[in-house]
Every structure is written in structure tokens, then in C-alpha cells.
Amino acid sequence: MTTSVSDISREKSAELFEKAKQYFPGGVNSPVRAFKSVYGTPLFIERGDKAHLWDADGNEFIDYCCSWGPLILGHNNPEIREAVQNQLGKGLSFGAPTALENELAELILNNNKKIEKIRFVSSGTEAVMSAIRLARGYTKRDKIVKFEGCYHGHSDSLLVKAGSGLVTFGETSSAGVPKAFADETIVIALNDKEALEKVFADFKDQIAAVIIEGVPANNGLLIQDKEYIKFLREITKTNGALLIFDEVITGFRLGFEGASKYYDIQPDILTYGKIIGGGMPVGAYGASKELMSCISPDGAVYQAGTLAGNPVAMAAGIAALSILAQPGFYEKLEQTTQAFVEELRSFIAERGYQIKIFTIGSIFWFAFTEQEKIQRADQIDPASMEFYKKMHRELLNRGVYFGPSGYEVGFISAAHTEEDLTQTLAKIKESLDIVFQ
Ligand code: PLP
């Protein structure tokens, strides 16, 4: 019988956390990092290399959080590091155009035919916030429709029934969002055609845009049917509303054209973040030339940023995307992920454990459920998170780092070696044996 291994030492991390609590709300600069949904205090990370992380106490982990998605090439990638180092000697920020911005834009636009023009910002939140403004400016309508459980960053219009850390904290909204803002955001369930029809009937000619995550991945992994997404495309078009595909997670993760390619649709506005900056703070939004001509200084929709198109971040993005653009990159990563997931599925089936692994591309999610499909936020039983919590502890104690919430997905990077994956599989199996004993 498998037995629990002893808890890792967290003395230094715990000490740093006590100090951090004096400086930051909850001791962190982003809520989910506080480890509120899993056992123990947060680990303070000292360094990462390839697929491995080391914390302040010297514990080593194989990392499947990958900084919440950006690190598709793992930590400390030599090409990205060299590109950043080269740029460092030339200057950190100019607040003026650079050739690097052109270079990254060219790399993206040559490989992603879903957009004709792009604007770089500094985070996914900014990208989505700007996309919403563009949609409102273009359509001259105010209302937006979002889906329950989809997270689009922390701007006012979008913190309504969002996923990510908000689910973890048992809240579906945030204090401080004016009612007038929330009133302009209509929230409906995913995978419900009738709800979409009703909303367009009830708010005729008032809806500027419907926004959806390329593949909802902030509240579990809620993979939508292709037919439903095609319906969403059609109904928005028929009603003169724009379709915004938030590809902050899926963009450059499922390929350069992200989930739009998977669903074989053409959204009106696409938003990006995470991978696009190679680990540096970059976001972007893009659309047709016509739509993008509404953005200042060409058009009347204002959007700006002191550090937008930051040269160091652009250099990191160019280095990362140049690697991703190489033929076969995504196919190989997907095959690796599929093999990993299949091995676990066989083990789970053999043992008869009540757990499913949902996956797309190199994203995966453990759902402690008997349901064959989960496509809506309300299909997730909050009580099932207890299983994740136990698994998380067992995995950390065995040197495997998953995101500190059962609502979050895991990522496989190109830096995960066969040995990393084999070791991880053994450790997950041991952990599940303990969770279900
Ligand atoms: N949109 C999606 C789909 C996301 O997953 C996130 C962050 O996790 C955001 C937007 C916000 O991005 P950022 O955290 O870079 O502001």
C-alpha cells in the first residue's frame, strides 16, 4: 500500500510569507498565489530551469503550472534569455517605436491569419479591456455578454461571474464594481443555445459583443462543442454584435491561430497574453484592418500604454514565437500531452477511481467526477475540490508542482523531458492511491 511521504520543509517560505503579509494584502500580489485552496503556506520560488522549480527551502519540483501558461518553453530558455540579455544593454524602455515591435508583429501576422492588425499592451487584462472598448466604439452599443465561469482579467465590466481565483474564493464577482457597469454585462451559461437566443431577443440592437475564452480554462477546462461555437459565431453576426475570442490562454498554446483554428471560425476581435511575451508582461489584441482603424491615433477609440511594446518584452516574445513557429512544434507537444494523459486514464480506469482528465493541446485538467463531459461552470461540484486539495499536497511532497486550486488547469511545456513525465506519472499514481484509499 502506498503511504504518505512526510511534508516538505517550508520554513524559509513560511518566514517570507509572514514578512510578505506585512507588505501585501494576503501576502501576495495576485490572490490565487496565497494557497488558500490547498494545504500549507505558499512556496516562495527562487529559480526555475527547464521544467523544474526550486523554492526558498531548496525543494525541487517538476512544474505543471508554468507561470499559469506563459512558459510553453519552460524556465530559463537559452534563446529567450540571450535575446533579453542582448536587449538589456541597449535600454529598457524608450516610450517610442522600435523595430522589435515590427518584428514581433510580423512574426505573428505571418502565422496568424485571423487578425490583420495588432496592438501590443502589457497584460491580458488590458488586452481584453481594450477589445471591449473597441467593440463598444465600433458598434455604438453598450452591452456585452459573457459566460459564467469565463475569466477575462480584472477589469470592471468583466468581473461578473468570472472564474480563476474568484471561484476559488467562492465569489462570483468583486466588491467595487459599480452596479452601472455590472448592469451592462449580461452573464449566461456556456453551451446553452437557447440562452443566447433569448439574450439577443431581450436586448435587441443593444449588444456590442459576446466574449468567450477560446477554450474556457479558468474554471476547469470546459471544452465546447464545435457546433455550439459555430452557432455563437452565426448568432452574433446575424444580430450585428461582435464576437471576441479571448485567447489569452489558448493563443500560441494551441498553435498560432489558437482556438479559432480548432473551431474553424473567424472571430471579430482576438485577445492574447501569456505566451506572446515569452514570460515577460505582454498582451495584445487584434482584428481586421477595418476594426483596428477605430483605435487611436487612427480612430476615436482611445487606448495607450507607457510600457506598451516594451523592447525587452518584445525581444523575449520574438525569441519565444520564433521557436514555436518551427514546423512540428505543436504536433510534438500535443502528442507528448496525449501520451501522458492516456497513461493516467488507463491507470484510473484500472483502479476505478472517480476522476476524469480533460485535455486539449498541451492543456489538461483533473476533474473529480463521473461525468463524461463538463461544459458548464455549474456542472462542477465544489465538494470535489477536496480531492484535488489532497492530491495537491501529496504531489508537492513528492516534488510535483500543480496550480494551487482544483479549478485551474495544468500545462505541459516543451521543456518537460520524458524522464520528467515518467517520474510525474509515477508520483500522480501514488498520490491518487492515497487520495482514494
Ligand atoms: N483572459 C484569460 C482567458 C486569462 O486566462 C487571463 C489570466 O489568466 C486574463 C484574460 C488576464 O490576463 P492577465 O492576468 O495577464 O491580466
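Reply: The C-alpha centres of domain 1 and domain 2 lie 26 Å apart. Domain 1 covers 11–64 + 329–435 and domain 2 covers 78–324, with bounds that come from an automatic or database domain assignment. This is a predicted model, in which local features need pLDDT of at least 70, side-chain atom pairs count only at pLDDT 80 or more, and totals for chains, interfaces and linings use all residues. Residues are numbered from 1 along each chain as its sequence is written.

The contact takes 22 residues from domain 1 and 24 residues from domain 2; two residues are in contact if their C-beta atoms, placed from the backbone, lie within 7 Å. On the side of domain 1 that touches domain 2, the elements giving two or more residues are helix 12, strand 11 (356–360) and strand 12 (363–367). Here helices (H or I, at least four residues) and strands (E, at least two) are DSSP runs, numbered from the N terminus. Strand 12 provides the largest share of that side, three residues. By class, the side of domain 1 that touches domain 2 has 14 nonpolar, five polar and three charged residues. In this division Ala, Val, Leu, Ile, Met, Phe, Trp, Tyr, Cys and Pro count as nonpolar, Asp, Glu, Lys and Arg as charged, and the others, Gly among them, as polar.

Helix 12 (residues 329–351) also makes a contact with helix 14 (residues 418–435). Phe 340, Glu 343, Leu 344 and Phe 347 of helix 12 meet Leu 421, Leu 425, Ile 428 and Lys 429 of helix 14. These residues divide into six nonpolar, no polar and two charged.

Terms used
Axes fitted to C-alpha atoms, helices over the stretch in contact; angles between N-to-C directions.
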